[in-house]
Amino acid sequence: MYGPPPMRQPAPRRPGIPGPFVALIAIGVGIAALFTGCVVGVGIGSQPDPGRSPVAATASSSRSAESVVAEPTTATPSARSTASPTASASPSTPAPTRPPAKIKVPDVVGANHQAAQNTMQAAGFFGLAEEDATGQGRALLWDRNWVVVRQSPKAGSKVSPDTTITLYSKKIGE
């Protein structure tokens, strides 16, 4: 009764590869398969265009976005005869691009910061910045805990969609 406690026998070892090594091997094989798929050009969830053959799809996917496979065109003989030789020899000039239309900035002062961001994105503004309006430089981690007290540019002004909208917020209750 009084003496050293009885010794526990260790569990018998099973033959084979231990579990952690199996996990490491499986992870290595998975990484190798992912790397091989990326090198070959097989992306996760990628599908070839239904209108192109698989050979054309892989050939064009390895080219840059600027190179385009020319499709054969069928033109009537009268269309060919009326085209001027200088027009066909000179490269086509791109159509002039218009500046993006200006959008009216919505009024989000007094709104929950998350709702204000949603409103701005729904209006077409995706370049959003945020600042602590108290000047303490805090990060707005939980957007729903903050309320917008000022915005720049002001509500109602018309600006380009690529304009950065800055929302100045403080914590609710401050």
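Student: Which glutamate meets the side chain of arginine 138 in a salt bridge?

Tutor: Glutamate 174, at 2.8 Å from N to O. A salt bridge here is a side-chain nitrogen of Lys or Arg within 4 Å of a carboxyl oxygen of Asp or Glu. The pair links distant parts of the chain, 36 residues apart: arginine 138 sits in the loop between β2 (128–132) and β3 (146–152), glutamate 174 in the segment after β5 (165–171). Helices (H or I, at least four residues) and strands (E, at least two) are DSSP runs, numbered from the N terminus.

Student: Before I go on, what am I looking at, and how are residues numbered?

Tutor: It's a predicted model: local features need pLDDT of at least 70, side-chain atom pairs count only at pLDDT 80 or more, and totals for chains, interfaces and linings use all residues. Residues are numbered from 1 along each chain as its sequence is written, and side-chain values use heavy atoms, with hydrogens and water left out.

Student: OK. How many salt bridges does a search of the whole structure find?

Tutor: Two. The other one joins the side chains of arginine 138 and aspartate 132, again at 2.8 Å, N to O. Through shared partners, Asp132, Arg138 and Glu174 end up in one network.

Student: Is aspartate 132 buried or exposed?

Tutor: Buried, with a relative accessible area of 8%. Buried means under 20% relative accessible area, exposed over 50%, and partly exposed in between (1.4 Å probe, protein chains only). Arginine 138 counts as partly exposed at 23%, and glutamate 174 is partly exposed too, at 42%.

Student: What else is aspartate 132 in contact with?

Tutor: Aspartate 132 is in strand β2. Leaving aside neighbours within four places in sequence, aspartate 132 is in contact with Gly137, Arg138, Leu140, Trp146 and Ser169, where contact means heavy atoms within 4.5 Å. The side chain of aspartate 132 also makes a polar contact with the side chain of threonine 134, at 2.8 Å. A polar contact is a pair of N or O atoms within 3.5 Å; within protein, one must be able to donate a hydrogen and the other to accept it, and residues adjacent in sequence count only if both atoms are side-chain atoms.

Student: Switching to the strands: in which sense do β2 and β5 pair?

Tutor: Parallel, over five bridges, and glutamate 130 stands opposite leucine 167 in β5. Two strands pair if DSSP finds at least two bridges between them. β3 and β5 pair in the antiparallel sense over six bridges, and the bridge partner of tryptophan 146 in β5 is lysine 171.

Student: How many residues of β5 are buried?

Tutor: Five of its seven, so β5 is mostly covered.

Student: New topic: where is asparagine 112?

Tutor: Asparagine 112 is in the loop between β1 (103–104) and α5 (113–123), and counts as partly exposed at 27% relative accessibility. Not counting residues up to four places away in sequence, asparagine 112 touches Asp143, Arg144 and Trp146. A polar atom of the asparagine 112 side chain lies 3.0 Å from the backbone oxygen of arginine 144.

Student: Last one: which residue lies over the face of tyrosine 168?

Tutor: Arginine 150, at 3.8 Å from the ring centre. A charge sits over a ring if NZ of Lys or CZ of Arg is within 6 Å of the ring centre and within 35 degrees of the ring normal.
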